[in-house]
Amino acid sequence: MAACGADTARTLACRDGHAAAQLKLISIAVIFITSVVGITSPVLLARHFQGKPAYDRATLLIKCFAAGVILSTSLVHVLPDAFAALSDCHVASRHPWKDYPFSGLVTMIGAIAALLVDLTASAHMESHTAHSHGQYEVLPVVTQEEPDTKKPSMSIELKVESVAGAVSDSGGGHSHEEMVIRLKQRLVSQVLEIGIIFHSVIIGVTMGMSQNQCTIRPLVAALAFHQIFEGMGLGGCIAQAGFTFGTTAYMCFMFAVTTPMGIVLGMILFSVTGYDDSSPNALILEGLLGSFSSGILIYMALVDLIALDFFHNKMMTSNSWLRKTSFTALVLGSISMSILALWA
């Protein structure tokens, strides 16, 4: 409790509402711009390579770098902050927070929830594609009705081939397997954005509620780089998923505005309730939401990004040079985001 009193004294010495408000307004503009730059860079890069021989390799390397960024975000940034919030002296001295490691429990719940969403969506996609294929598999059976006549059989075979060709054309030239993979990539991108939005809201609300200028000042620059790398991580997944322009623009916009909106929301909450970022209720909310988003991001990074590409991607398994380069991109993404933990 003595350490808690010392922390409170240091906080009061740096407390300046007017200076903090000015820094928050600056941070809203800076973070929005850097978020836009971060998330649009891999999307524009992928569009530049689209149609070129190196397109598939480029998007794969971007996605591996993104996986490293997301993994580092969850384990080095989000999870330690969640543990710190729930172990703060203002929270850890109260029941039931001092009796049980809620951060680990909620992180596990987040990972299981991400798995449940993954399983449910995958089952829906499989049943949908099986139903679609069932519509065309019944056609060849008609050829057995007139085994003696060859011309009707040939015409029916041609019809089946033309239907199959039409299905292929409607899918943009992709095979059934490629379409399932593309749907899976889109699901991963959407669930990943949900986890990152949780994290971004927590960052924004925490900064918006803070009246400590000593804390906010270094966070502005650190969060600018944080949003660039996190945006590159999410943008790499969006680029590979092949969304339409409208959906891509919407997902990029939502990522870019979430943290600034969180800052505004935090400022409103402080003005209405008087709670700052060191109040017990705010710390509990930060710890629980941070733990949940960490569980989602850990699952998505390890299962849907790293394991999926390194063990189930035909291009990766058949090319040792690409596998080594992808691993290097993964490590670089992890290191880049981990270094930022020194400041944010």
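Me: Which residues of helix 12 are buried, and on how wide an arc around the axis do they lie?
Reply: In this predicted model, the buried residues of helix 12 are Leu322, Ser326, Ala329, Leu330, Gly333, Ser334 and Met337. They sit on the same side of helix 12, because the arc that they cover around the axis is only 130 degrees.

Me: Which exposed residues does the opposite face of helix 12 carry?
Reply: Exposed here stands for over 50% relative accessible area. On the face of helix 12 that is turned away from its buried side, the exposed residues are Trp321 and Lys324.

Me: Which helices do the buried residues of helix 12 pack against?
Reply: Packing is judged here by contact, that is, by heavy atoms within 4.5 Å. The partners of the buried residues of helix 12 are helix 3 (55-86), helix 8 (213-241), helix 10 (280-312) and helix 11 (314-317).

Me: Is Ile339 buried, partly exposed or exposed?
Reply: Ile339 lies in helix 12, which spans residues 320-339, and it belongs to a nonpolar surface patch together with Phe327, Val331, Ile335, Leu342 and Trp343. Buried would need under 20% and exposed over 50% relative accessible area. Because its relative accessibility is 43%, Ile339 counts as partly exposed.

Me: Is Ile70 buried or exposed?
Reply: Ile70 has its place in helix 3, and, leaving aside its neighbours within four places in sequence, Ile70 is in contact with Leu192, Ile196, Gly233, Leu297, Ala301 and Leu305. Because its relative accessibility is 1%, Ile70 counts as buried.

Terms used: Residues are numbered from 1 along each chain as its sequence is written. This is a predicted model: local features need pLDDT of at least 70, side-chain atom pairs count only at pLDDT 80 or more; totals for chains, interfaces and linings use all residues. Side-chain values use heavy atoms; hydrogens and water are left out. Patches are made of residues with over 30% relative accessible area and no salt bridge: like charges are joined within 9 Å, nonpolar side chains (Val, Leu, Ile, Met, Phe, Trp, Tyr) within 5 Å. Accessible areas come from the Shrake-Rupley method with a 1.4 Å probe; for residues, only the protein chains shown count as cover. A salt bridge is a side-chain nitrogen of Lys or Arg within 4 Å of a carboxyl oxygen of Asp or Glu. Helices (H or I, at least four residues) and strands (E, at least two) are DSSP runs, numbered from the N terminus. Buried means under 20% relative accessible area, exposed over 50%, partly exposed in between (1.4 Å probe, protein chains only). The arc is that of the directions from the helix axis to the C-beta atoms.
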